Amino acid sequence: MAGNDKRRGGVRKTNKKGMVVGSGGQRRRGLKGKGPTPKAEDRVTHPAKQRADQRAKADQQRAKRQAAAENAPELVAGRNPVVECVRAGVPATGMYVAQGIDVDDRVTEAVREAGNRGIPVLDVPRTELDRLTNNAMHQGLALQVPPYEYAHPDEVLTAAQDTGLPPLIVALDGVTDPRNLGAVIRSAAAFGAHGVVVPQRRSAGITAVAWRTSAGTAAKLPVAKAVNLTRTLKDYKQAGLMVIGLDADSDITSDELELATGPLVVVVGSEGRGLSRLVRETCDQTVSIPMSTDVESLNASVAAGVVLSEVARRRRIR
């Protein structure tokens with residue numbers, strides 16, 4: 001019984017003397033939380049993080065290629081295009097002539113004009129010219145055009161104000177065809193505009209095609225790139241210019257354009273979408289072109305030429 005009493009007794013046998021001391025929750029309170037679980041893209045070993053890094057790297061490479069393309073010289077390929085460029089005085093840094101080609105009047109004129117303007121003429125194998133033009137139909141002749149040096153929108157405004165005449169600036173909103181851009185530049189120069197402004201994104205730039213279509217006027221009329229076209233238009237308005245936009249749905253026609261004789265910005269939208277919402281809201285007035293109902297719309301460059309012609313007419317007779 002005595003043995004049983006010892007087994008069943010309430011006294012706990014231990015090698016330590018005194019009471020057993022517990023943690024009292026100190027260890028639990030000492031544990032610090034790790035916070036919310038990071039997103040999958042933020043975990044180094046997670047596949048989503050690896051995919052995000054690959055996308056970022058691809059975007060960087062794409063941006064580098066785009067920047068390199070914008071800063072690289074272009075080649076105008078083909079006998080007629082090259083002759084048109086040298087006739088128009090398009091800036092050029094070199095002319096390539098394939099060895100052994102049949103020389104006609106166009107080749108003779110192009111080489112002669114290049115010599116008169118101090119443009120180096122290089123005889124190259126046809127295979128090399130194929131490579132330089134990415135196998136375009138060059139007909140044995142190509143002209144190297146340097147990257148265009150764009151002005152700042154503020155420089156265009158300052159140059160216009162320095163003329164002592166009411167500033168006239170043309171802005172393009174969403175015009176992506178370089179042929180349209182070149183034609184607008186040509187019309188702007190013909191009707192007394194002081195410069196052209198294009199958005200930095202989603203817009204045509206001064207390429208070899210635009211050079212050729214402008215008939216060389218891109219070298220005489222400043223073309224500026226605006227990081228934000230809407231903000232640039234607001235800056236022009238603060239400087240005292242009125243902004244009008246070409247809109248087929250406007251109730252005011254170009255025949256009623258009373259703002260033509262004052263400081264003015266003419267905004268031309270794309271042929272398909274027209275003016276963007278923010279640009280339209282920024283305009284002081286929208287103007288349509290009176291025309292036959294059988295025609296839905298005009299080409300952007302044609303529309304610009306019509307309105308600029310009316311502006312020039314009103315300024316002559318004021």
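Start with the salt bridge between Asp-247 and Arg-280, where the closest N and O atoms are 3.2 Å apart. The two residues come from distant parts of the chain, 33 residues apart: Asp-247 is in the loop between β8 (242-246) and β9 (264-269), and Arg-280 is in helix α11 (residues 277-282). This is a predicted model, so keep that in mind for every distance I quote. Asp-247 has 14% relative accessibility, which is under 20%, so this residue counts as buried. Arg-280 comes out at 32% and is partly exposed.

The structure holds eleven salt bridges in total. Another one joins Arg-314 to Glu-258, with the closest N and O atoms 3.9 Å apart. Arg-314 lies in helix α12 (residues 300-317) and Glu-258 in the loop between β8 and β9, so this pair ties together parts that are 56 residues apart in sequence.

As a reminder, an α-helix has 3.6 residues a turn, so residues three or four places apart point the same way. Both Glu-281 and Arg-277 are exposed. Salt bridges with shared partners also join Glu-258, Glu-310, Arg-313 and Arg-314 into one network.

Thr-230 itself belongs to helix α10 (residues 229-238), and at 14% relative accessibility it is buried.

Next, the strands. β2 (residues 94-98) and β3 (residues 121-124) pair in the parallel sense, over four bridges. Between them the chain passes through helix α5 (residues 105-116), and this β-α-β crossover is right-handed. Within the pairing, Ala-98 stands opposite Val-124 in β3.

Helix α4 (residues 79-88) has as its buried residues Arg-79, Pro-81, Val-82, Val-83, Cys-85 and Val-86. Their cover includes β1 (74-77), β2, α5, β4 and α9 (208-213). Just after α4, Gly-89 takes a positive phi of about 75 degrees.

On cysteines: Cys-85 is buried, with a relative accessible area of 0%. Cys-283 is buried too, at 11%. A search of the whole structure finds zero disulfides.

Asn-135 has a phi near 65 degrees, positive although the residue is not glycine. Gln-139 is likewise a non-glycine residue with a positive phi, near 55 degrees. Asn-135 is exposed at 63% relative accessibility, and Gln-139 is partly exposed at 38%.

Finally, the overall numbers. The protein chain has twelve helices and ten strands. Of its 318 residues, 38% count as buried. The accessible surface comes to about 19,400 Å², and 48% of that belongs to carbon and sulfur atoms. Among contacts with a separation of 6 or more, 81% are between residues 24 or more positions apart.

Definitions and conventions
Residues numbered from 1 in each chain as written. Predicted model: local features only at pLDDT ≥ 70, side-chain atom pairs only at ≥ 80, totals over all residues. Heavy atoms only, no water. Buried < 20%, exposed > 50% of the residue type's maximum accessible area, 1.4 Å probe, protein only. Contact = heavy atoms within 4.5 Å. Areas by Shrake-Rupley, 256 points an atom, 1.4 Å probe, with all protein chains shown as cover. Disulfide = S-S within 2.5 Å. Pairing = 2+ DSSP bridges. Right-handed = clockwise from strand over helix to strand, strands pointing away. Salt bridge = Lys/Arg side-chain N within 4 Å of Asp/Glu carboxyl O.
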